[in-house]
Amino acid sequence: MDAVGGSRRPDVELRLPADSAYASVLRTTTAGLAARLDFTIDDIEDLRIAASEASALMLDQADPGADLLCCYFLDPGRLALRLTVQATTAAPPDQDGFAWQVLSTLASEVDSEVGDGRLTIALAMQPEPVTDGG
């Protein structure tokens with residue numbers, strides 16, 4: 001998971017109850033941070049969908065009463081996020097499944113890790129630079 005943040009301190013942390021009722025807060029925060037980095041509207045929407053898919057993969061496995069922690073790492077032209085949830089009996093996401101394929105298509109980088117009673121999904125988006133057609 002070094003590709004997303006490494007040992008660097010996150011620029012923004014968001015802690016939410018691991019409940020789908022809070023998914024809109026995650027999507028809105030992700031979109032706001034991407035807009036701050038001057039991502040295009042299309043890239044912002046792709047990142048919102050990717051964050052939503054990642055959280056959906058995790059919420060089913062979260063321990064009752066657990067929190068979803070999302071750490072954001074902001075760099076010029078790149079936004080990375082690492083979502084972690086307490087999940088005692090977690091299994092890695094099915095990388096052949098539809099949700100993982102959506103993540104892999106929308107994000108520049110995607111990875112997952114299971115260990116120490118936690119499930120983590122990390123993703124990053126580094127959009128192609130917009131070129132002037134003229």
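With a relative accessible area of 30%, Thr 40 counts as partly exposed, and its place is in the loop between α1 and α2. The structure described here is a predicted model. Computed from C-alpha to C-alpha in that model, Thr 40 lies 30 Å from Asp 94, and the two are 54 residues apart in sequence.

The loop between α1 and α2 is also the place of Asp 38, which counts as exposed at 69% relative accessibility. The phi of Asp 38 is near 65 degrees, a positive value in a residue other than glycine. As background, most residues other than glycine have a negative phi.

## Strands β1, β2 and β3

The strand β2, which covers residues 67-75, is joined to β1 by six bridges, and the two strands run antiparallel. In this pairing Leu 16 stands opposite Leu 68 of β2. Eight bridges join β2 to β3, and these two strands also run antiparallel, with Phe 73 having Ala 80 in β3 as its bridge partner.

Between β2 and β3, which form a hairpin, there are two residues, and Gly 77 in the turn has a positive phi of about 75 degrees. Of the nine residues of β2, seven are buried, which leaves the strand mostly covered.

## Two cysteines without a disulfide

How many disulfides does a search of the whole structure find? The search finds zero. In general, a disulfide is a covalent bond between the sulfur atoms of two cysteines. For Cys 70, the closest cysteine sulfur is that of Cys 71, and because the two sulfurs are 6.8 Å apart, they are too far from each other for a bond; a disulfide would need them within 2.5 Å.

Cys 71 is likewise in no disulfide. Both cysteines are covered: Cys 70 is buried with a relative accessible area of 1%, and Cys 71 is buried with a relative accessible area of 5%.

In soluble globular proteins, nonpolar side chains tend to be buried together. In this model the largest nonpolar core has 37 residues, and those with the most contacts inside it are Leu 26, Tyr 72, Leu 79, Leu 83, Val 85 and Leu 123. The elements that contribute two or more residues to this core are β1, α1, α2, β2, β3, α3 and β5, and the largest share, seven residues, comes from α2.

Another core, of five residues, lies apart from the largest one, and among its members are Leu 69, Cys 71, Phe 73 and Ala 124.

## The enclosed cavity

Rolling a probe the size of a water molecule over the atoms shows where empty space is left. The structure holds one cavity of 30 Å³ or more, and the volume of the largest cavity is about 30 Å³. Its lining is made up of Leu 16, Pro 17, Asp 19, Tyr 22, Ala 23, Leu 26, Ser 55, Leu 59 and Leu 68.

Two or more residues of this lining come from each of β1, α1 and α2. By class, the lining residues divide into seven nonpolar, one polar and one charged. Leu 16 and Leu 68, both in the lining, are the residues that stand opposite each other where Leu 16 faces β2, while Leu 26, also in the lining, is one of the residues with the most contacts inside the largest nonpolar core.

The largest pocket has a volume of about 240 Å³. Which strands each supply at least two residues of its lining? They are β2, β3, β4 and β5. The lining includes Arg 15, Asp 67, Leu 69, Val 85, Glu 113, Asp 116 and Arg 118, and by class it has three nonpolar, four polar and five charged residues.

Asp 116, one of the lining residues, has its place in the loop between β4 and β5 and is exposed, with a relative accessible area of 79%. Although Asp 116 is not a glycine, its phi is positive, at about 55 degrees.

Asp 11 is found in the segment before β1, where it counts as partly exposed at 44% relative accessibility. Asp 11 and Gly 32 are 21 residues apart in sequence, and from C-alpha to C-alpha they are 14 Å apart in space.

Technical notes:
Residues are numbered from 1 along each chain as its sequence is written. This is a predicted model: local features need pLDDT of at least 70, side-chain atom pairs count only at pLDDT 80 or more; totals for chains, interfaces and linings use all residues. Side-chain values use heavy atoms; hydrogens and water are left out. On a 1 Å grid over the protein atoms alone, a cavity is a set of points where a 1.4 Å probe fits but cannot get out, and a pocket is an open set with protein on both sides within 12 Å along at least five of seven lines; lining residues have an atom within 4 Å of a point. Grid points are joined across faces, edges and corners, and a volume is the space filled by probe spheres set on the points. Helices (H or I, at least four residues) and strands (E, at least two) are DSSP runs, numbered from the N terminus. Ala, Val, Leu, Ile, Met, Phe, Trp, Tyr, Cys and Pro count as nonpolar, Asp, Glu, Lys and Arg as charged, and the others, Gly among them, as polar. Buried means under 20% relative accessible area, exposed over 50%, partly exposed in between (1.4 Å probe, protein chains only). Two strands pair if DSSP finds at least two bridges between them. A nonpolar core is a set of buried Ala, Val, Leu, Ile, Met, Phe, Trp, Tyr and Cys residues joined through side-chain atoms within 4.5 Å.
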